Amino acid sequence: MSTAVAKKTGLDRLSDAVVALAALALVGLVAVQGWQVFARYVLNNSPSWTEPVTLALLTAAMSLGAAAGVHNDRHFAFTLLADAAPPKLRRALFVITKLTIALLGGVLAWWSSFLFLGGMGIRAAGAPFPETMPYAPVALGGALMVLFALARCLQTRAVREEVR
């Protein structure tokens, strides 16, 4: 008895790397907050850099995790209508959903990039990076959402052509 193992595509590997980065951001967040608590209550010397670093790590984990969720179809969705629809309409609704996600990802990527670049000259209080650093992972996550959602649309087309 053998089980078929699906071959990973480049986007699968990219998604795995994105999940790994999101996990690293969460580990970093826990370490930074652990240091904050130790420094504040044990050393009685609260560092000022922990808040901006935590915010950057939190947005990285959230944005990258959301992008990977789009690739793996593990994102928040309302599928009740699509599940009840006939097959052709179901495919159309699936594509509309993915295009909507791509549009939202594009808006996130565009405006987060705009905000990030607009504040590059302003240093974050207590941290050695720009104040707008938390917008960078949101921009990256948005761009990845566009990539992953459009790839899902193409997969739907390929499946439809195989059925013919």
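Which helix holds both Trp111 and Phe114, and how many residues apart are they? Trp111 and Phe114 both lie in helix α4, where three residues, or about one turn of the helix, separate them. The report below places this pair in the setting of the whole chain, beginning with the overall fold.

## The model and its confidence

The structure is a predicted model, and its mean pLDDT is 87, with 90% of the residues reaching 70 or more. Where pLDDT is low, the predicted coordinates should not be read in detail.

## Overall fold

The chain contains five helices and zero strands, so that, read from the N terminus on, its elements follow the order α-α-α-α-α. Of the 164 residues in the chain, 34% are buried, and the accessible surface comes to about 10,900 Å², of which carbon and sulfur atoms account for 70%. Among contacts between residues at least 6 apart in sequence, 69% join residues at least 24 apart.

The largest nonpolar core has twelve residues in all, including Val18, Leu64, Ile101, Met145 and Phe148. Helices α1 (10-41), α2, α4 (87-118) and α5 (135-163) each supply at least two residues of this core. A second, separate core has eleven residues, among them Ala56, Leu57, Ala61 and Ala127.

Thr54 is found in helix α2, which covers residues 50-71. Because its relative accessibility is 13%, below the 20% cut-off, Thr54 counts as buried. The side chain of Thr54 makes a polar contact of 2.6 Å with the side chain of Gln33, and, when residues up to four places away in sequence are not counted, Thr54 touches Leu29, Val32 and Gln33.

Ala60 also lies in helix α2, and with a relative accessibility of 14% Ala60 counts as buried. Not counting residues up to four places away in sequence, Ala60 touches Ala25, Gly65 and Pro137. Ala60 and Leu140 are 80 residues apart in sequence, yet their C-alpha atoms are 8.9 Å apart in space.

## Aromatic pairs

The model has two aromatic pairs. In one of them, Trp35 and Phe38 have a distance of 5.6 Å centre to centre and an angle of 40° between the planes, and the pair is described as tilted. Trp35 and Phe38 are three residues apart in helix α1, which means that about one helical turn separates them. Trp35 is partly exposed, with a relative accessible area of 38%, and Phe38 likewise counts as partly exposed, at 38% relative accessibility.

The pair formed by Trp111 and Phe114 has ring centres 5.2 Å apart and planes at 85°, and because angles over 60 degrees count as edge-to-face, this pair is given that name. Trp111 is partly exposed, because its relative accessible area of 48% lies between the cut-offs of 20% and 50%.

Definitions and conventions
Residues are numbered from 1 along each chain as its sequence is written. Side-chain values use heavy atoms; hydrogens and water are left out. Helices (H or I, at least four residues) and strands (E, at least two) are DSSP runs, numbered from the N terminus. Buried means under 20% relative accessible area, exposed over 50%, partly exposed in between (1.4 Å probe, protein chains only). A polar contact is a pair of N or O atoms within 3.5 Å; within protein, one must be able to donate a hydrogen and the other to accept it, and residues adjacent in sequence count only if both atoms are side-chain atoms. Contact means heavy atoms within 4.5 Å. Accessible areas come from the Shrake-Rupley method with a 1.4 Å probe; for residues, only the protein chains shown count as cover. A nonpolar core is a set of buried Ala, Val, Leu, Ile, Met, Phe, Trp, Tyr and Cys residues joined through side-chain atoms within 4.5 Å. pLDDT is the predictor's confidence in each residue, from 0 to 100. Rings of Phe, Tyr and Trp (its six-membered ring) pair if their centres lie within 6.5 Å; planes under 30 degrees apart count as stacked, over 60 as edge-to-face and the rest as tilted.
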